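Subject: Structure handover

Hello,

Here is the structure I promised to pass on. Please open it first, then read my notes beside it.

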Amino acid sequence: MDTVQSAPDLPKTDPRVKLIAAKIKKENYKPDALIEILHTAQNAYGYLPMNVLKYITKALRLPPSRVFSTVTFYHFFSLKSKGEHTCLVCTGTACYVKGAQGILNEIERQFALKPGQVSTDNKLGVQVARCIGACGLAPAVVLDEEVLAKVNTTDIADKIKAKISVS
Amino acid sequence: MNRQDLQTIIYAEKAKELNNKYKHKLCVCCGASCISSGSEEVMKKLQEEIKTRGLEAEVEVVPTGCMGPCNQGPLVKFLPEYNIYQKVDCSNIKRIVQSQLVDKKPIEDMLIFSDSRPKPFIDAREDPFFKKQMKIALRNCGHINPEKIEEYLVHNGYTALDKVLFQLSPEEVIAEIKQSRMRGRGGAGYPTGLKWETVYKYVSDQKYVICNGDEGDPGAFMDRSVLEGNPHRVLEGMTIAAYAIGASKGYAYIRGEYPLAIKRFELAIKQAKKLGVLGTNILGTTFSFDVEVRIGAGAFVCGEETALIASIEGKRGTPKPRPPFPAESGLWGKPTLINNVETFAGIVPIINNGGEWYSDIGTPKSAGTKVFALAGKINYSGLIEVPMGTSLREIVFDIGGGVQGGGEFKAAQTGGPSGGCIPAEHLDVKMDYESLISLGSIMGSGGLIIMDQSSDMVDVARYFMEFCMDESCGKCVPCRVGTKMMHDLLQKICDNKGTSIDLERLEELAAYVKETSLCGLGASAPNPLLSTLRHFRHEYVSRIEQE
């Protein structure tokens, strides 16, 4: 890993960089706002690229180890791209009882992707969530932003394929 | 704004409500579950339909928070008749509007639970699902627009804060809470009044109030619904707590998985500040209190108070040994009060109605009501609130409508990965803190997952152990290594490769991890294993004998 000093400067005109810079300024460069700033960065990029992390490290004057250890601690943050489309399968207790594993198995059978993996063309990423809090709709799957309720193994693959083929 | 201004506004809003020109209020559930089922589209279509028919002068369409029966959504409630329609989709809106508002006749076969009850109740309040409930924390949830502070004011919003600031001293507020015998709703059930008193007694230039909305238990979603459905109630509760303990700054730590709750709570803060019931010199007094939202980043351990504090400070969410407790040395080393969302939601009614009123509800040792998130193999899943001491049987069969698909009740899982399973022979258990502990489970935050015969209890134990293994922060050895070892042994038994020695080792490990872990996560991680071993040992033994 490069040191912070040699971090490549991000293009200042990039709207995403502006967004992060504005957030850092709003939080008054306080190191305790690190998690809030990481949220902003991840929302902007979809994940946390290394040069963005270095930029944040520098701006907050924190040791890189502190930023890196925080990023890797929380499930929400990802160091690699999650894919153009994401399929998030809820594995909370209610979804578990109602067959979330069967849905994961079906996705693996159809797309050869396990949770945490992204397809080679970067089109689809499969993830699991601990509980999205939609227990009344179990088993639930979140396809991009859309929550699919009471999902069954027979049509989940078609729904995912339909989503991928749109773009 | 001072006190008089607020009262003027409240009177004006109430007068407006009394002279309401609308004959009907149409509540469309816009809780997260109903939105997922398409309720926003339904609301848009309803508004269009009402406009086309020229009814907009007498019908008001309001988006509300969660109404409760989540798997029947999207839900639409007609007031004042209390007719609730279930599974409303855009295709049947014309018919509903015609019958309900023009012909004044509810369509019986589309009312709530009409597909499962022999005859649906026209007035939904008569249905056992609602009739058996008692709503205190969830009051007004599903009834008012959570994005409008005016609606909260009409329902006596911020009157408790007014009472506290102008009539009660901090000591009197704490005395009232102590008298209510309320216990923390986050899971452990520590007496709320006692906690407030402890923080109050520490002298410091700065104290903090934290609202714990890091609802990590899989299968629990009450905090989400309260924050989404009635955010001002929580905010008012936090402000009263701040007055009582002498804090000037508060944080609401909300799960990143709940974007709608974050949005509505942030909006509530903004509105409250504008109205002068939050911020500097609240209602013209010398008391100032400000609240900031902190977004969680997906770590179950952050529900533990010391880990949550570390996370607010922007660090890895690892717990610290206690003592010192946060009441003495919490956020940035200052005395800190941490309560759960549901606890704060219960403060306002206690102040308004008195501690004695609250203490009369429930059981002698567990006062008040508890919100449960009912899910799993049950007919009517959703959010319910019942007095403490209601039996599990009443919850499952009267409110929940029994096991889905006519199956047989096998067990109810409470308390998530820190709790345990209650088998069928204990269906008559009174749901309160002590009874659940005596059965080897815990109240927890209130997740209640119903399982039928298709659930394999060894696999259930493995599932929860996998959860704890993944969520262990890694700071202390018993939890980091112990959960992994227990998980692997459970996996071995699930694969029918276990031996009786494995079973012995599991029990031994469970005892070690329970006794020696640093925080509640590790100390309670063996609970699902121990409770399934206690009530369903034969399932483990039969797996071993198959080998």
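Two residues are in contact if their C-beta atoms, placed from the backbone, lie within 7 Å. Keep that in mind for the notes below. One caution comes first: this is a predicted model.

**One residue to start with**

Go to B:M238. Its place is in helix α11 of chain B. Which residues does B:M238 touch, leaving out those up to four places away in sequence? They are B:V209, B:C211, B:G250, B:V291 and B:F344.

Is B:M238 buried or exposed? A residue counts as buried if 20 or more other C-beta atoms lie within 10 Å of its own. B:M238 has 25 within 10 Å, so it is buried.

From α11(B), the contact uses B:R233, B:V234, B:E236, B:G237, B:M238, B:I240 and B:A241. From α14(B), it uses B:V341, B:F344, B:A345, B:I347, B:V348 and B:I351. By class, this contact has 10 nonpolar, 1 polar and 2 charged residues.

**The parallel sheet in chain B**

Those 4 strands form an open sheet in the order β7-β6-β5-β8, and the pairing is parallel. Which strands stand at the edges? They are β7 (290-295) and β8 (336-340) of chain B. Each has a single partner strand, so one side of each is left without a neighbour in the sheet. The twist averages 20° from one strand to the next.

Further in, β5 (residues 208-213) and β6 (residues 249-254) of chain B pair over 6 bridges.

**A hairpin in chain B**

Next, find strand β11 (residues 409-414) of chain B. It is mostly covered, with 5 of its 6 residues buried. β11(B) runs antiparallel to β13(B), and 5 bridges join them. There, B:F409 has B:D452 as its bridge partner. β11(B) also runs antiparallel to β12 (residues 420-423) of chain B, through 4 bridges. B:A412 stands opposite B:I422 in β12(B). β11(B) and β12(B) make a hairpin with 5 residues between them. In the turn, B:G415 has a positive phi of about 75°.

**Chain A**

Chain A has 7 helices and 4 strands. Of its 167 residues, 38% count as buried. Its C-alpha atoms fill a box of roughly 50 × 30 × 25 Å along the principal axes. The chain is divided into domain 1 (15-73) and domain 2 (85-166). The centres of these two domains of chain A are 29 Å apart, taken over C-alpha atoms.

The 4 strands of chain A form an open sheet in the order β2-β1-β3-β4, and the pairing is mixed. Its edge strands are β2 (124-129) and β4 (146-148) of chain A, and each pairs on one side only. β1 (residues 85-90) and β3 (residues 141-143) of chain A run antiparallel, joined by 3 bridges. In β3(A), A:V141 is the bridge partner of A:V89.

Helix α6 (residues 100-111) of chain A packs on this sheet and touches β1, β2 and β3 of chain A. Its direction makes about 150° with that of β1(A). Helix α7 (residues 156-166) of chain A lies across β1, β2, β3 and β4 of chain A, at about 20° to β3(A).

**Where the chains meet**

How many residues does each chain bring to the contact? Chain B brings 38 and chain A brings 31. On the side of chain B, the elements giving two or more residues are α2 (32-36), β9 (369-376) and β13 (447-452). That side has 14 nonpolar, 18 polar and 6 charged residues.

Best wishes

Note on methods. Residues are numbered from 1 along each chain as its sequence is written. Chains are lettered from A and ligands numbered from 1 in the order in which they are written. This is a predicted model: local features need pLDDT of at least 70, side-chain atom pairs count only at pLDDT 80 or more; totals for chains, interfaces and linings use all residues. Ala, Val, Leu, Ile, Met, Phe, Trp, Tyr, Cys and Pro count as nonpolar, Asp, Glu, Lys and Arg as charged, and the others, Gly among them, as polar. Domain bounds come from an automatic or database domain assignment. A residue is buried if 20 or more other C-beta atoms lie within 10 Å of its own, exposed if 12 or fewer, and partly exposed in between; C-beta atoms are placed from the backbone. Two strands pair if DSSP finds at least two bridges between them. Axes are lines fitted to C-alpha atoms, for helices over the stretch in contact, and angles run from 0 to 180 degrees between N-to-C directions.
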